[in-house]
Amino acid sequence: MNIEEYKGLMVFAEQREGKIHPVAYELLGKGTEIAQRLGIEVTAVVLGSNMGDELKELFHYGAEKVYSFDHPVLADFDLLNYKHNIARLINEIKPETVLIGATHLGRSLAPRIAAAVNTGLTADCTALEVGDEGNLIQIRPAFSGNIFAHIRTTTRPQMATVRYKVMQKLPRDDSRTGEIVTKEPEIIESVLKIVGKESTGAVNIAEADVIVCGGRGVKSASDFDLLQDLADALGGIVGCTRPIVDEGLMPKERQVGFSGSTVKPKLYVAVGLSGSPQHLAGMRDSDVILAINADPSAPIFKLADYGIVGDLYDVVPRLAAEARQRS
Ligand SMILES: Cc1cc2nc3c(=O)[nH]c(=O)nc-3n(C[C@H](O)[C@H](O)[C@H](O)COP(=O)(O)OP(=O)(O)OC[C@H]3O[C@@H](n4cnc5c(N)ncnc54)[C@H](O)[C@@H]3O)c2cc1C
């Protein structure tokens with residue numbers, strides 16, 4: 001591999017139901033900063049069907065060129081065909097850096113692309129920097145979040161998945177335009193099909209403005225109905241800590257934290273959860289945090305803006321009733 005041949009930075013712009021996922025705009029924001037420092041081009045690649053003006057949106061947020069693979073088979077995420085065509089593009093245009101959002105889809109796609117183009121991958125980055133020699137320094141928590149590892153890739157492209165809501169997108173600039181390059185997709189018969197909305201991560205907790213998150217203080221799956229009731233009253237959705245997922249009480253896409261989703265809602269109601277470092281890693285940037293816990297020394301109270309010391313089985317229904325009365 002001659003690494004000198006690799007030039008430019010490419011963002012995989014994920015789409016769902018024809019809309020570009022916001023993480024792509026965040027990656028373009030960071031990508032533009034890196035590209036300006038190195039004097040290289042920022043491109044985006046989109047796989048979809050009839051994406052129309054959505055492609056142009058990418059220019060408004062920093063892309064200089066958009067590679068578009070358009071085919072009905074690519075309308076929904078198709079692992080084999082997405083991987084195959086992105087790997088072909090990488091081998092053709094040889095970007096030195098490829099950034100992919102660490103969404104459910106991106107986490108499943110990125111390692112397969114990396115293997116196909118014979119390079120390394122740093123998963124779940126929370127920061128990216130440019131090193132002295134122009135290398136990408138990929139920063140991510142390690143050892144349960146106790147240290148931040150700085151990782152450098154010696155092969156090309158340098159590939160990283162980056163968490164949603166940790167990078168800043170650029171302000172939208174209507175005057176920015178660029179070139180759309182239409183690529184002919186190679187479609188191979190896929191054995192895997194999306195069979196329902198759940199498998200695309202239809203519950204997108206990272207997008208929610210209000211999250212009512214339950215921890216081990218919630219004793220059973222049916223007790224989560226109490227949290228759902230409060231979430232409904234506040235116009236939010238229910239999340240959970242990792243032990244709740246491990247015990248099979250809630251699906252993985254509801255998990256907030258280091259090994260789950262990073263969230264940044266306007267209101268985060270932490271119910272019966274202690275506030276472990278791994279949980280805080282995923283929600284500490286919430287605008288307002290309200291904690292409900294029976295133990296006044298629970299660490300979550302140190303971060304919370306408001307706290308209620310009490311039994312969640314008493315407090316949560318009262319809060320829900322109060323919220324309903326006021327709405
Ligand atoms: C590599 C790694 C990754 C991890 N990733 C994640 C992650 O992404 N997300 C995550 O959440 N965890 C993660 N964890 C697990 C994490 O370390 C903690 O174990 C977990 O966050 C604790 O969950 P909890 O707060 O629900 O439970 P606990 O720590 O057991 O807390 C339960 C809380 O409920 C309170 N309580 C009990 N009953 C009531 C009641 N009736 N009313 C009010 N309060 C009550 C208790 O006072 C206590 O504070 C990870 C761990 C590792 C090692």
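A crossing of two helices is called right-handed if the near helix is turned clockwise from the far one by less than a right angle, and left-handed if it is turned anticlockwise. Keep that in mind for the helix pairs below.

This is a predicted model. The protein chain has an average pLDDT of 93, and 96% of its residues score at least 70. One stretch falls below that: residues 196–201 stay under 50. For these residues the model has nine contacts beyond four places in sequence.

Strand S5 (residues 65–70) runs parallel to S12, and five bridges join the two. Tyr-67 has Val-181 in S12 as its bridge partner.

From H3, the contact is made by Leu-79, Tyr-82, Lys-83, Ile-86, Ala-87 and Ile-90. From H4 come Ser-108, Leu-109, Arg-112, Ile-113 and Ala-116. By class, this contact has eight nonpolar, one polar and two charged residues.

The axes of helix H5 (residues 224–234) and helix H9 (residues 312–326) come within 9 Å and cross at roughly 25°. Angles under 35 degrees count as roughly parallel, so H5 is roughly parallel to H9. H5 passes H9 in a left-handed crossing. H5 contributes Leu-226, Leu-227, Asp-229, Leu-230, Asp-232, Ala-233 and Leu-234 to the contact. H9 contributes Tyr-313, Val-316, Pro-317, Leu-319, Ala-320, Ala-323 and Arg-324. Eleven residues of this contact are nonpolar, none are polar and three are charged.

There is another sheet to find. This open sheet has three strands in the order S8-S9-S10, and the pairing is antiparallel. Strand S8 (127–130) and S10 are the edge strands, each pairing on one side only. Neighbouring strands of this sheet are turned by 30° against each other on average, direction ignored. Four bridges join S8 to strand S9 (residues 136–142). Leu-128 stands opposite Gln-138 in S9. Helix H1 (residues 22–38) lies across S8 and S9, running at about 10° to S8.

Two details of the backbone remain. The peptide bond from Arg-156 to Pro-157 is cis, with omega near -5°. Pro-157 sits in the loop between strand S10 (147–151) and strand S11 (158–162). Glu-17 is not a glycine, yet its phi is positive, at about 50°. Glu-17 lies in the loop between strand S2 (15–16) and strand S3 (19–20).

Terms used. Residues are numbered from 1 along each chain as its sequence is written. This is a predicted model: local features need pLDDT of at least 70, side-chain atom pairs count only at pLDDT 80 or more; totals for chains, interfaces and linings use all residues. Side-chain values use heavy atoms; hydrogens and water are left out. pLDDT is the predictor's confidence in each residue, from 0 to 100. Contact means heavy atoms within 4.5 Å. Two strands pair if DSSP finds at least two bridges between them. Axes are lines fitted to C-alpha atoms, for helices over the stretch in contact, and angles run from 0 to 180 degrees between N-to-C directions. Angles under 35 degrees count as roughly parallel, over 145 as roughly antiparallel, 65 to 115 as roughly perpendicular and the rest as oblique. Ala, Val, Leu, Ile, Met, Phe, Trp, Tyr, Cys and Pro count as nonpolar, Asp, Glu, Lys and Arg as charged, and the others, Gly among them, as polar.
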